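User: Please go through the assignments in this model and set each one against its criterion.

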Amino acid sequence: MYLQKISLVNFKNIESQSFDFQQKINCFVGNNGVGKTNVLDAIYYLSFAKSYFNSVAKHNIMHGTSFFMIEGDYVLNDRNEKIVCSLKSGQKKVLKRNGKSYEKFSEHIGQLPLVIISPADRDLVTEGSDTRRKFIDGVISQQNKKYLQDLLSYNKVLTQRNALLKYFAANRTFDALNLSVYDDQLCEYGSRIYKVRKEFLEEFIPIFNEKYQIISGDKEHVNLLYKSQLNDFSMQELLKESLTKDKIIQYTTTGIHKDDLSFDIGDYPIKKFGSQGQQKSYLIALKLAQFEFIKKQSNVTPILLLDDIFDKLDENRVSQIVELVNNDEFGQIFITDTHSERTENILKQSNKPYQIFKL
């Protein structure tokens, strides 16, 4: 699979521009603020119908205009595919594949597999557990529609249960039977989600460890651990045990919505004890493991977006990453960099056809 061409209108700071791409490596170079990352985000948009960097869709419309449109021409399994995503102020976002609109955007997820590596990934280290859960869910959901549906259902029931707990508190009442309806559904969806996450991480963690060892030159030992209350108790036990606390706090305090990943270097959290280069290497290894996992599950080579990944890495780590992506396991790659000379030198090492766009 590869993206032949993309056309952007009023997307972020890009008024109107089209790019024709190489099948292998495409690189955008230029100063900060010229729109390099915005082009990568537009490519991401065509796979996920949303921005990687800005969750509020209308904020992606160029200032002073009323709409944006992204159009992409792909070759997938020897077929031409046209994807168009557009948004007009005050209206719903529209996503079309070959002229036909999707009713549910979730139906599109996984059709054009893609992995992005970006400085924004640092949130996985610095932010709360919600960010790391979204990472797990994003990887699994690209290929497992049942999981995505269970996740959406679980979150809907969770919202309803929390609203009921607030109602009980506001009206100084309690209805165990009513609450049990939601508890049963949370147990059903939650147990399935936990099982899939556990199986996924059992396969994913060894791939991640292998990628990190290559990037670091086998100099450091890292750990990635799955933390879940369901490791020790069933969902039923958790809800029963936390009921008194839930009634006081008016919120469901236990369940798979509390799952987390522990990122460690040696025996210590990488957030506190890892250098900037080590943290960046950790995140790149995570995303390269995601790439390998999705490729294996989908039998399609994902597009790889590398946004400013050479910054804050020493020469040795950069050359290890170039070597990693230089093999035939990777398909089309998009790179952004502020240093055109550095980029050209790296691309020459790759021995692959490449194209440089100076913005």
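**Assignments and their criteria**

Analyst: Val-9 has Ser-16 of strand 2 as its bridge partner. The model is predicted, with local features requiring pLDDT of at least 70 and side-chain atom pairs pLDDT 80 or more, while totals for chains, interfaces and linings use all residues. Residues are numbered from 1 along each chain as its sequence is written, and side-chain values use heavy atoms, without hydrogens and water.

User: What makes strand 1 and strand 2 a pair?

Analyst: Pairing requires that DSSP find at least two bridges between two strands. Strand 1 (residues 2–11) and strand 2 (residues 14–20) have six bridges in the antiparallel sense, so they pair. They form a hairpin with two residues between them, and Lys-12 in the turn has a positive phi of about 55 degrees.

User: Why is helix 3 called oblique to helix 4?

Analyst: Helix 3 (residues 129–141) and helix 4 (residues 145–171) pack at about 140 degrees, with axes 8 Å apart. Angles under 35 degrees count as roughly parallel, over 145 as roughly antiparallel, 65 to 115 as roughly perpendicular and the rest as oblique. Helix 3 is therefore oblique to helix 4. The contact (heavy atoms within 4.5 Å) involves Asp-137, Ile-140 and Ser-141 of helix 3 with Tyr-147, Leu-148 and Leu-151 of helix 4.

User: What is the bend in helix 5, and where does it lie?

Analyst: A bend at a residue is the angle between axes fitted to the seven residues ending there and the seven starting there. Helix 5 (residues 176–216) bends by about 30 degrees at Phe-204, and Pro-206 follows within four residues.

Note on methods:
Axes fitted to C-alpha atoms, helices over the stretch in contact; angles between N-to-C directions.
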